Amino acid sequence: MICNNKYLHPAKYQKSTSGNKNAQGDREKAEVTSGTVLCLLCPHNCQLKEGQKGICRTRINCGGQLYTLAWNNPCSICIDPIEKKPLYHFLPGTKVLSLATAGCNLRCLNCQNYSISQFSPDALQAHNLTAQDIVNKAIEHKTESIAYTYTEPTVYFEYMLEIAKLAHQNGIKNVMVSNGYINREPLLELCNYLDAANIDLKTFNNNTHLKLTGAKLQPVLETLLTLKEAGVWLEITHLMIPGYSDNLTLFKEMCQWLVTNGFAQTPLHINRFFPTFKLCDSKPTSLTTLRDAKKIALECGLEHVYNGNI
Ligand code: SF4
């Protein structure tokens, strides 16, 4: 029975049918009550019936309360150079302890990590590591930061927040590599402990964003603005996928929006796409398109523009 899963932990940002917003609940109580619960963590705002998981596959209604299945339950841990996130202007030349749990709130056709992102935490082997264990690993390996990455960190929000708080107490910085699909209130709470973020701005067209990811574009733009307002160091990644996000006219509009909204000094990583997952029949981005895009971004007024994956 999944509601007895040992990694189950009360989820934040929920509203039950009784109007119990942000209820933390307890497992015993959860097992005897029932009802629909609304998740307020990301803009999908899933309304879940008893036993139902959200789109992210990491949050579940057990007894009328929302729980996360991702607590203390990472599926991937690795030490990377910070430039691999990519972050080029934040602690350059340092190592970062990177981790992920299973699950994602998007359905990107081009996901490189679909073997972990498109599964529920209870479907993959868990490492059973507490927040303190993660911070101890960062201390042991002398990394200056911890990155929440690989899948979508929003879906393991409570675990990330717990690690991030402990990391700061130990002088370690926190980095989120994200699709930006998170509601403002939880994001603002996270920003208290977040030092840097790299956000994927996948396309500047809402219909294409929906087709490519299953999610709307506007919340991602709002996340960029919130991170900026909160003073979190920000870098942006744009992957140029042929037929989806390599239209240079639209790319120019995106760059103009970034400059108009105060992101001229925010590094932009324009990355090359290689066929993967559900886009195995596509071609890699042409190098000419990548170079042209970089030129356009610079002409629009962005000051730090990089071509990546080439
Ligand atoms: S975090 Fe998961 S359960 Fe919550 S709204 Fe988003 S997809 Fe749905």
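In which loop is Tyr13 found? Tyr13 lies in the loop between strand S1 (9-10) and S2. The model described here is predicted, so that local features need pLDDT of at least 70 and side-chain atom pairs count only at pLDDT 80 or more, whereas totals for chains, interfaces and linings use all residues. Residues are numbered from 1 along each chain as its sequence is written, and side-chain values use heavy atoms, with hydrogens and water left out. Strands (E, at least two residues) and helices (H or I, at least four residues) are DSSP runs, numbered from the N terminus.

Phi of Tyr13 is near 55 degrees, a positive value in a residue other than glycine. With a relative accessible area of 6%, Tyr13 is buried. Here buried means under 20% relative accessible area, exposed means over 50%, and partly exposed covers the range in between, with a 1.4 Å probe and protein chains only.

Two strands are taken to pair if DSSP finds at least two bridges between them. Strands of a sheet pair through backbone hydrogen bonds, either parallel or antiparallel. S2 and strand S3 (residues 37-39) run antiparallel and are joined by three bridges; Leu38 in S3 is the bridge partner of Lys15.

The loop between S3 and S4 contains Asn45. Asn45 is not a glycine, yet its phi is positive, at about 45 degrees. Its relative accessibility is 32%, and Asn45 therefore counts as partly exposed. Asn45 is also one of the residues around the ligand, together with Cys39, Leu41, Cys42, His44, Cys46, Gly54, Ile55, Cys56, Arg59 and Asn105. The shell divides into six nonpolar residues, four polar and one charged. In this division Ala, Val, Leu, Ile, Met, Phe, Trp, Tyr, Cys and Pro count as nonpolar, Asp, Glu, Lys and Arg as charged, and the others, Gly among them, as polar.

The ligand sits in the largest cavity. A cavity is a set of points, on a 1 Å grid over the protein atoms alone, where a 1.4 Å probe fits but cannot get out. A molecule sits in a cavity if more than half of its atoms lie within 2 Å of the grid points.

Arg59, listed above among the residues around the ligand, is part of strand S5 (residues 59-62), where Arg59 and Asn61 point one way and Ile60 and Cys62 the other way. All four are buried. In a regular strand the side chains alternate between the two faces of the sheet. S5 pairs with S6 in the antiparallel sense over four bridges, and Cys62 stands opposite Gln65 in S6. The two strands form a hairpin with two residues between them, and Gly63 in the turn has a positive phi of about 65 degrees.

Asn72 lies in the loop that runs between strand S6 (65-68) and strand S7 (76-81). Asn72 is buried, with a relative accessible area of 15%. Apart from residues up to four places away in sequence, Asn72 touches Tyr7, Asn128, Leu129, Thr130, Ala131 and Tyr159, where contact means heavy atoms within 4.5 Å.

S7 pairs with S8 in the antiparallel sense over six bridges, with Ile79 opposite Leu97 in S8. The loop between S7 and S8 includes Pro86, and the peptide bond from Lys85 to Pro86 is cis, with omega near -5 degrees. Five of the six residues of strand S8 (residues 95-100) are buried, so S8 is largely enclosed by the rest of the structure. S8 and S9 run parallel and are joined by four bridges; Ile146 in S9 is the bridge partner of Leu97.

Thr149 is found in the loop between strand S9 (145-148) and helix H4 (157-169). This residue is buried, at a relative accessible area of 5%. Residues touched by Thr149, not counting those up to four places away in sequence, include Lys85, Ser98 and Leu99.

Ala196 has its place in strand S11 (residues 196-200) and is buried, with a relative accessible area of 0%. Beyond its neighbours within four places in sequence, Ala196 is in contact with Leu87, Phe90, Asn174, Val175, Met176, Val232 and Trp233. Ala196 and Asn174 are 22 residues apart in sequence and 6.6 Å apart in space, C-alpha to C-alpha.

Note on methods
A residue is near a molecule or strand if one of its heavy atoms lies within 4 Å of it. On a 1 Å grid over the protein atoms alone, a cavity is a set of points where a 1.4 Å probe fits but cannot get out, and a pocket is an open set with protein on both sides within 12 Å along at least five of seven lines; lining residues have an atom within 4 Å of a point.
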